[in-house]
Amino acid sequence: MQYRLWYIDFRLDLDRLSTIVFEFTNGNVLVPDTLYLFCGRRCDRIKGFEP
């Protein structure tokens, strides 16, 4: 399994997070066995996005 990690503003909703992933992957968000992780500035919480 692969993972990618971004530091984000934790107030972002799932639509904005999916847009970040879409832009990063050039529209190919359905990469098998990939988990996208988003971390707040303090790194005390993580949001995950699995397409």
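**Exercises on a predicted model**

Five of the six residues of strand β2 (residues 34–39) are buried, so β2 is largely enclosed by the rest of the structure. Buried means under 20% relative accessible area, exposed over 50% and partly exposed in between (1.4 Å probe, protein chains only). Helices (H or I, at least four residues) and strands (E, at least two) are DSSP runs, numbered from the N terminus.

Ground rules: this is a predicted model, where local features need pLDDT of at least 70, side-chain atom pairs count only at pLDDT 80 or more, and totals for chains, interfaces and linings use all residues. Residues are numbered from 1 along each chain as its sequence is written, and side-chain values use heavy atoms, with hydrogens and water left out.

**Exercise 1.** Work out how β2 and β3 are joined.

*Solution.* Start with the pairing rule: DSSP must find at least two bridges between two strands. Here four bridges join β2 to β3 (residues 46–49), and the strands run antiparallel. Next, pick out one partner: Tyr36 is bridged to Phe49 in β3. Finally, check the hairpin: six residues sit between the strands, and Cys43 takes a positive phi near 60°.

**Exercise 2.** Sort out which residues of helix α1 are buried and which are exposed.

*Solution.* First, the buried ones in α1 (residues 14–24) are Leu17, Ile20 and Val21. Down the helix axis, the buried residues of α1 fall within an arc of 95° (taken from the directions from the axis to the C-beta atoms), so they line one face.

**Exercise 3.** Describe Asn26.

*Solution.* Locate Asn26 in the loop between α1 and β2. Its phi is positive, about 55°, although Asn26 is not a glycine. Lastly, Asn26 is exposed, at a relative accessible area of 72%.
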